[in-house]
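Thanks for coming. I will go through one structure, a piece at a time, so please keep the picture in view.

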Amino acid sequence: MCKPEELFKELFEELWKLYPVKKGKGQVSAAAKQRLLKVGHDEMVRAIGRYKAELAKDSEWMRPQNGSTFFNSGYLDYPDADYVPQLEK
């Protein structure tokens, strides 16, 4: 059986591969990685997908956050319970 630390590191590595800007990986704290585990794999995959979809809609002015910013706290608007789709312009 995996230790909790191994589980959250493994989840983080998998999610990092999905994120569009690979900057600041070393700046994502262990506590932030543990919070991702509480959100869960499937929900975080959906959150990243939602974020990427919003970036694509507003690509003229919206630039992606560095990975460190997203995984430390930037994802908080995108999990299932907190997500509010942007209104069409």
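Start with E54: leaving aside neighbours within four places in sequence, E54 is in contact with M62, Y78, Y83, V84 and Q86, where contact means heavy atoms within 4.5 Å. E54 lies in helix α3; helices are DSSP runs of H or I with at least four residues, strands are E runs of at least two, and both are numbered from the N terminus.

Before going on, this is a predicted model, in which local features need pLDDT of at least 70, side-chain atom pairs count only at pLDDT 80 or more, and totals for chains, interfaces and linings use all residues. Residues are numbered from 1 along each chain as its sequence is written, and side-chain values use heavy atoms, with hydrogens and water left out.

The pLDDT is the predictor's confidence in each residue, from 0 to 100. For the protein chain the mean is 90, and 96% of its residues reach 70 or more.

Buried means under 20% relative accessible area, exposed over 50%, and partly exposed in between, using a 1.4 Å probe and protein chains only.

Next, helix α2, residues 30-39. Its buried residues are A32, K33 and L36. They sit on the same side of α2, because they cover an arc of only 100 degrees around the axis, taken from the directions from the helix axis to the C-beta atoms. Their cover includes α1 (4-18), α3 (41-57) and α4 (67-72). After α2 comes G40, with a positive phi near 100 degrees.

L36 brings us to L15. Not counting residues up to four places away in sequence, L15 touches L36, H41, M44, V45, I48 and F71.

Last, N66, in the loop between α3 and α4. Is N66 buried, partly exposed or exposed? It is partly exposed, with a relative accessible area of 33%. Beyond four places in sequence, N66 touches Y19, V21 and K23. The C-alpha atoms of N66 and P20 are separated by 8.5 Å, though the two are 46 residues apart along the chain.
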